[in-house]
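Colleague: Please take one part of this model and go through it closely, then follow its links into the rest of the chain. Give the cut-offs as you go.

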Amino acid sequence: MRHSVPLLASLLALTLVTPALAQEAPAPSILSPADADAARLLPPPPAEGSAAQKAELAELHRIQDARTPAQLAQAKWDNDHEDPSAFTPTLGPKFDMASLPATAKLLKIVDHEQSVAKKRAKVTFARNRPWVIDPTLVGCDHADDKPRSSYPSGHTTMGYAMAVVLADLMPDKAQAVLARAQDYAEDRLVCGVHFRSDIIAGQALGTAVGVQLLHAPALQDDIEAARKELAAVQF
């Protein structure tokens, strides 16, 4: 049985991003820099060499030893789909951005905002990936991943930002969509490319971004258009 990915209990301010770090990531177009400032939304990850990090490494080895070929295949598929298509297995073939232009437009904005937030967060925390610390962890392809980009999980941030928005657009599908986001996050552990605290942070950051976007005045027309479009195809 998969572990749940609990929401972080607190989104308290901890420290500020320095101007030099902030310049290394693009700016959000809807949210303010403060809205997407992970240094004010996330706690720091476990320190390298700490007991907490060692426990996380041990968990990854347990997952690696117990995973089935089918689980690894699903994790690899998820690894290669960091976009709205990640929800197609849950929502079915009608969830096709080519035939849902209003939804595609909205989710493109969501993707941009969460991408800015997670990139800035990765620069801020600069945590080593699990496979840097322990090369015996193997699973999904990580050739394009920077070594110090583990916290928060980018896939998880995207998954929850989109899931929160989609759950609001399709209330009848909310539980299924959020469950999919949870499984999508857990597959980062099956891949061996993130620690558990990385996916917990990704859930918190993605949720924060998604909720703020749902309340953004500039997006209300786009949200309503996507809601009507999804309703028209019986989601």
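**The loop and its links**

Modeller: Ala126 is placed in the loop between α5 (101–125) and α6; helices here are DSSP runs of H or I with at least four residues, strands are runs of E with at least two, and both are numbered from the N terminus. The model is predicted, so local features need pLDDT of at least 70 and side-chain atom pairs count only at pLDDT 80 or more, while totals for chains, interfaces and linings use all residues. Residues are numbered from 1 along each chain as its sequence is written, and side-chain values use heavy atoms, leaving out hydrogens and water.

The backbone at Ala126 has a positive phi, near 45°, in a residue other than glycine. Its relative accessible area is 21%, so Ala126 is partly exposed (buried means under 20% relative accessible area, exposed over 50%, partly exposed in between, with a 1.4 Å probe and protein chains only). Gln234 lies in the segment after α10 (220–232) and is exposed, at 68% relative accessibility.

Arg129 is buried, with a relative accessible area of 4%. A network of salt bridges with shared partners joins Glu56, Arg127 and Asp198 (a salt bridge puts a side-chain nitrogen of Lys or Arg within 4 Å of a carboxyl oxygen of Asp or Glu). Asp145 is partly exposed at 23%, and the side chains of Asp145 and Arg129 meet in a salt bridge, 3.7 Å from N to O. Asp145 belongs to the loop between α6 and α7 and Arg129 to the loop between α5 and α6, so this pair ties together parts 16 residues apart in sequence.

Arg188 is buried but has no salt bridge; Asp145 is the nearest side chain of opposite charge, 4.9 Å away (Lys and Arg count as positive, Asp and Glu as negative, and His and the chain ends are not counted). Setting aside neighbours within four places in sequence, the contacts of Arg188 include Asn79, Ser153, His155 and Thr156, and also Val193, His194 and Ile199 (contact means heavy atoms within 4.5 Å).

The loop between α6 and α7 also holds Pro152. The peptide bond joining Tyr151 and Pro152 is cis, with omega about -5°.

A search of the whole structure finds one disulfide (a pair of cysteine sulfur atoms within 2.5 Å). The bond joins Cys140 to Cys191, with an S to S distance of 1.9 Å. Cys140 is in the loop between α6 (130–133) and α7, and Cys191 is in helix α8 (residues 174–191); the pair links distant parts of the chain, 51 residues apart. The torsion about the S-S bond is about -65°, so the disulfide is left-handed. Cys140 is buried at 5%, and Cys191 is buried at 2%.

Helix α7 (residues 154–169) has 16 residues and should span 22 Å at 1.5 Å a residue; its end C-alpha atoms are 23 Å apart, which agrees (the expected span is 1.5 Å times one less than the number of residues). Of its 16 residues, 15 are buried, so α7 is largely enclosed by the rest of the structure. Helix α9 (residues 196–214) reaches 27 Å from first to last C-alpha over 19 residues, close to the 27 Å expected. It is mostly covered, with 17 of the 19 residues of α9 buried.

The structure holds eleven salt bridges. One of them pairs Glu82 with Lys118, the closest N and O atoms being 2.7 Å apart. Glu82 is in the loop between α3 (69–79) and α4 (88–91) and Lys118 is in helix α5, so parts 36 residues apart in sequence are tied together. Glu82 is partly exposed at 30%, whereas Lys118 is buried at 8%. A salt bridge also joins Lys105 and Asp222, with the closest N and O atoms 3.1 Å apart. Lys105 is in helix α5 and Asp222 in helix α10, so the pair ties together parts 117 residues apart in sequence. Lys105 is partly exposed at 49%, and Asp222 counts as buried at 17%.
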